[in-house]
Amino acid sequence: MLKVGVLGAGHLGKIHLRLLNESEKYELVGFYDPDEINAKKVAAEFGYSYIENINELIDLVDVVDIVTPTLSHFDCAKKAIEKGRHIFIEKPITNTLDEAEQLLGLVNQHKVKGQVGHVERFNPAFLAVKDKIDTPMFIETHRLAEFNPRGTDVPVVLDLMIHDIDAILSVVNSQVKQINASGVSVISKSPDIANARIEFENGCVANLTSSRISLKNMRKSRFFQRDAYISVDFLEKKVEVVKMKDAPEQPGDFDMILQNAEGEKKQIYFENPDIQANNAILDELETFADAINTDTEPIVTLEQGTKALRVALQIIESF
């Protein structure tokens, strides 16, 4: 079991603490939070060890789980890496691209591993169809949330849209060619609703919409590729896979057949991938433990987290 310490005991930090405490792959040593009142309250309520000095906690563990506000990600990660500790760091990886690139250099220098908490990669609906997403040419995503003051210290692109940016970059094997975007501040001082169009060098186009001032929650992505349409509902954990193949010469009574303008006939059929229920946050934490123990590459590397941040910042810059 890897000894782990958590930095940050806010809403998400408490979830990480609970899951790490239950995990058979980690031994939870304790946590640090600069808000002493909140820290003592969490320690009293749940029984986790509150370590009052961040450096002391880092010294006691093998892995540092960073669940602090984005502005402090870099400083916390730098402290941990320089002490030779592996880091799990919540998304976005850092506040600036320069900070992210510095972390990449530090982990290589100190020969430690890092993973970024892009949790939708572990969503069971996405996992069920990821292998079926093959050279998509048009992608449309909607990530809409009801207003919550938590997270409004950063633009909606870094708060919500970055989930979809990372998922798209994981399935589109091409470099970004051009980005056009618009964003509007409604309640916060930073944009609350944004739309971005990302064009890739291979011709793929992704159209992303994110809002944190919606009347209902929605997290859906649709992938269009040659002879297939794949829909992923990250919120309801459901998928739709519609495929096309050459129609048989003698179609059955219930076969769905389409004929295009050139007279080609295609048969439409549906696939129902098996969705394995899981706890996505626990899975991302435990696969990181596996990567450390087997000396393999984490599923969401710091490089991938940096790429997602780079695209997110390009979107913000194009408002």
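Across the whole structure, which is a predicted model, a search finds 19 salt bridges. Side chains of opposite charge can pair when their charged atoms come close, and three of these contacts are described here in turn.

Within helix α1, which spans residues 11–22, Glu 22 and Arg 18 are 4 residues apart and are therefore separated by about one helical turn. Their side chains meet in a salt bridge with an N to O distance of 3.9 Å. Glu 22 counts as exposed because its relative accessibility is 52%, whereas Arg 18, at 38% relative accessibility, counts as partly exposed.

A salt bridge with an N to O distance of 3.0 Å joins the side chains of Glu 120 and Arg 219. This pair links distant parts of the chain, with Glu 120 in the loop between β5 (114–117) and α6 (124–129) and Arg 219 in strand β10 (residues 218–225), 99 residues apart. Glu 120 has a relative accessibility of 6% and so counts as buried, while Arg 219, at 25%, counts as partly exposed. Both residues belong to a network of salt bridges in which Glu 120, Arg 143, Asp 164 and Arg 219 are linked.

A further salt bridge is formed by Glu 271 and Lys 243, whose closest N and O atoms are 3.7 Å apart. Because Glu 271 lies in strand β14 (residues 265–271) and Lys 243 in strand β12 (residues 238–246), the pair ties together parts that are 28 residues apart in sequence. With a relative accessibility of 22%, Glu 271 counts as partly exposed.

Two or more lining residues are given by each of the elements α1, α4 (73–82), β6 (138–144), α7 (156–171), β10 and α8 (280–294). By residue class, the lining of the largest pocket divides into 22 nonpolar, 14 polar and 13 charged residues.

The second largest pocket holds about 360 Å³ of space. It is lined by 14 residues, and those closest to its centre are Leu 169, Ser 174, Gln 175, Val 176 and Lys 307. Helices α7 and α9 (302–317) each supply at least two residues of the lining of this second largest pocket, and α9 gives the most, with 5 residues. The lining of the second largest pocket divides into 4 nonpolar, 6 polar and 4 charged residues.

Technical notes
Residues numbered from 1 in each chain as written. Predicted model: local features only at pLDDT ≥ 70, side-chain atom pairs only at ≥ 80, totals over all residues. Heavy atoms only, no water. Salt bridge = Lys/Arg side-chain N within 4 Å of Asp/Glu carboxyl O. Buried < 20%, exposed > 50% of the residue type's maximum accessible area, 1.4 Å probe, protein only. Nonpolar A, V, L, I, M, F, W, Y, C, P; charged D, E, K, R; others polar. 1 Å grid on protein atoms, 1.4 Å probe; cavity = no way out; pocket = protein on both sides within 12 Å on 5 of 7 lines; lining within 4 Å. Points joined across faces, edges and corners; volume = space filled by probe spheres on them.
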